[in-house]
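Please examine the protein chain shown below.

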Amino acid sequence: MQKILSFLAAMLFCCCSTDSDVNAQNMEQKMYITIGGQTQSVTLVDNNATRELVAALQDTPITVTLNDNNFEIWGSLGRSLTTKNEQMTTQAGDIVLYNGSYICIFYDSNSWSYTRLGQIDGLSESELRSFLKAGENNIKVTLSLNKPTGINTIKSEKLKDKTCYTLQGTLAQAGHKGIIIQNGKKIIKKQ
């Protein structure tokens with residue numbers, strides 16, 4: 001009886017660990033790719049390579065220059081990531097790691113041994129070709145964890161506003177005494 005219970009416990013442990021491994025691979029981590037002012041989201045798979053890439057992107061976005069190869073744009077990532085290569089046939093939108101330090105973004109299919117990184121969300125093959133600038137070279141690609149806002153600068157003349165607010169957020173009337181907020185700063189009015 002003891003042997004049977006030990007065997008069942010071992011089987012249960014194996015099944016549970018396999019299920020958690022599958023769930024870990026299906027976790028959704030987003031990354032963003034920006035090319036020529038357009039940004040698309042990417043759903044990353046969960047593996048050592050993507051965890052290392054996400055850790056690198058925590059500090060700053062990564063910009064790379066990629067070139068066309070008749071079915072993908074590809075180039076040096078500028079760093080090496082841990083590989084877990086597997087033979088696969090890629091689909092349009094797949095993003096993979098080749099040889100540990102080259103990123104490949106597909107707009108068509110190819111069969112080779114790669115480490116899967118993720119998939120561009122929601123674009124058709126023709127939309128991918130346009131977004132990835134298929135047929136061109138020296139394509140500037142920025143990888144980031146946050147979707148760019150498009151705000152590049154703040155004009156200081158817009159910040160020099162004479163409007164004053166109370167701490168409750170209402171407009172302060174002329175002659176208001178106490179603490180007011182003007183241009184994001186607290187000011188004490190004594191008069």
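Q: In what order do the elements of the protein chain run from the N terminus on?
A: This is a predicted model, in which local features need pLDDT of at least 70 and side-chain atom pairs count only at pLDDT 80 or more, while totals for chains, interfaces and linings use all residues. Residues are numbered from 1 along each chain as its sequence is written, and side-chain values use heavy atoms, with hydrogens and water left out. Helices (H or I, at least four residues) and strands (E, at least two) are DSSP runs, numbered from the N terminus, and the chain has three helices and 11 strands. Their order is α-β-β-α-β-β-β-β-β-β-α-β-β-β.

Q: What percentage of the residues in the protein chain is buried?
A: A residue is buried under 20% relative accessible area, exposed over 50% and partly exposed in between (1.4 Å probe, protein chains only). Of the 191 residues in the protein chain, the buried share is 31%.

Q: Which residues touch the most other members of the largest nonpolar core?
A: A nonpolar core is a set of buried Ala, Val, Leu, Ile, Met, Phe, Trp, Tyr and Cys residues joined through side-chain atoms within 4.5 Å. The largest one has 30 residues, and helix α2 (residues 48-59) gives the largest share, five residues. The members that touch the most others are I33, I105, I120, L132 and V141.

Q: Is β6 largely enclosed or open?
A: The burial of its residues decides the matter: four of the five residues of β6 are buried.

Q: With which strands does β6 pair?
A: Two strands pair if DSSP finds at least two bridges between them. Four bridges join β6 to β7 in the antiparallel sense, and Y98 has Y102 as its bridge partner in β7. β6 also pairs in the antiparallel sense, over four bridges, with strand β8 (residues 111-120), where I95 stands opposite G118.

Q: Which residue takes a positive phi in the hairpin of β6 and β7?
A: This hairpin has three residues between the strands. The residue in question lies in the loop between β6 (94-98) and β7 (102-106), and it counts as exposed because its relative accessibility is 56%. Its phi is about 60° although it is not a glycine; the residue is N99.

Q: What is the relative accessibility of N70?
A: N70 lies in the loop between β3 (62-68) and β4 (72-76). Phi of N70 is near 70°, a positive value in a residue other than glycine. N70 counts as exposed because its relative accessibility is 63%.
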